[in-house]
Amino acid sequence: MKIATWNVNSLKVRLDHLLAWLEKERPDAVCLQETKMENAVFPAAAIEAAGYQVAFSGQKTYNGVAILARAGVADVVDGIPGYADEQKRVLAATVGGVRLVCAYVPNGQSLESDKYRYKLDWLGAFTAWIGSELSRHPQMAVLGDYNIAPADEDVHDPAAWVGQVLVSEAERNAFSALCSLGFKDSFRMFPQPERSFTWWDYRMNAFRRKMGLRIDHILLSDSLAGKCRSVSVDVAMRALERPSDHAPVVAELDL
DNA sequence: ATGGCAGGAAGCTCCTGA
């Protein structure tokens, strides 16, 4: 079973990239973030024609998540239960016996921002809910754009990022707390290339200069982590014409 | 030099992202 996460930064703009990638990589399930479209205009027919069932939760301009799966999506949950939030950032579904959670964690903007407080509050509610989900679904994966670089090796220039959002101690502690529920940051279970990132700024030729961050992650529950064969970043997707600023992360499971 | 690029909605400029 091959599962993936990709922040597409507008599904309208990236649909052709997505469909070509599905045909080439043939993942069993894909979590998308930043679809930036309302449900009424979601391109479900094109995705179904590619062989996937799809669940989606979107809004205009910002946010928006979707889960695609060849085997179909069951028991879909939209949002964090009990946490009132108009922003469409979370979708959960069961695919082939595995509970998948697709998450688009708030960016936070800056440490002084109300959006940073929202990010930490959101992460608290998310972690509490994920803990309860894990107790019901031992085989679970939490995939998405976490907007957190867990360690300095996930940052192209750690000194330049000190004091910035995405690398703060509180955010990293929140990521650790999530993992401590019983998850592995699957990417680090395997040897990886130096300077492995999943996001590169559109500006300043950041991609070509390998100036990125690793902020998109696939967390695997401990029982699922033992079945993981490989995890990689599909860097080639960032090198396409008119790319998303994020590259997909792909995990292969022995399932 | 706090810029740089991209997407969306609005509408000829702004907000947001990370």
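The lining of the largest pocket is made up of 10 nonpolar, eight polar and eight charged residues (Ala, Val, Leu, Ile, Met, Phe, Trp, Tyr, Cys and Pro count as nonpolar, Asp, Glu, Lys and Arg as charged, and the others, Gly among them, as polar). This is a predicted model, where local features need pLDDT of at least 70 and side-chain atom pairs pLDDT 80 or more, while totals for chains, interfaces and linings use all residues. Residues are numbered from 1 along each chain as its sequence is written, and side-chain values use heavy atoms, without hydrogens and water.

Of the 26 lining residues, Glu-34, Tyr-104, Asn-107, Gly-108 and Asn-147 lie nearest the pocket's centre. A pocket here is an open set of points on a 1 Å grid over the protein atoms alone, where a 1.4 Å probe fits, with protein on both sides within 12 Å along at least five of seven lines; lining residues have an atom within 4 Å of a point.

Now let's turn to the sheet. Six strands form an open sheet in the order S5-S6-S7-S8-S12-S9, with mixed pairing (strands are DSSP runs of E, at least two residues, numbered from the N terminus; two of them pair if DSSP finds at least two bridges between them). Why is one side of S5 and of S9 left without a neighbour in the sheet? S5 (74–78) and S9 (183–185) stand at the edges, so each has a single partner strand.

For S9, strand S12 (residues 216–221) is joined by three bridges, and the two run antiparallel. Lys-184 has Leu-220 in S12 as its bridge partner.

Key: Chains are lettered from A and ligands numbered from 1 in the order in which they are written. Helices (H or I, at least four residues) and strands (E, at least two) are DSSP runs, numbered from the N terminus.
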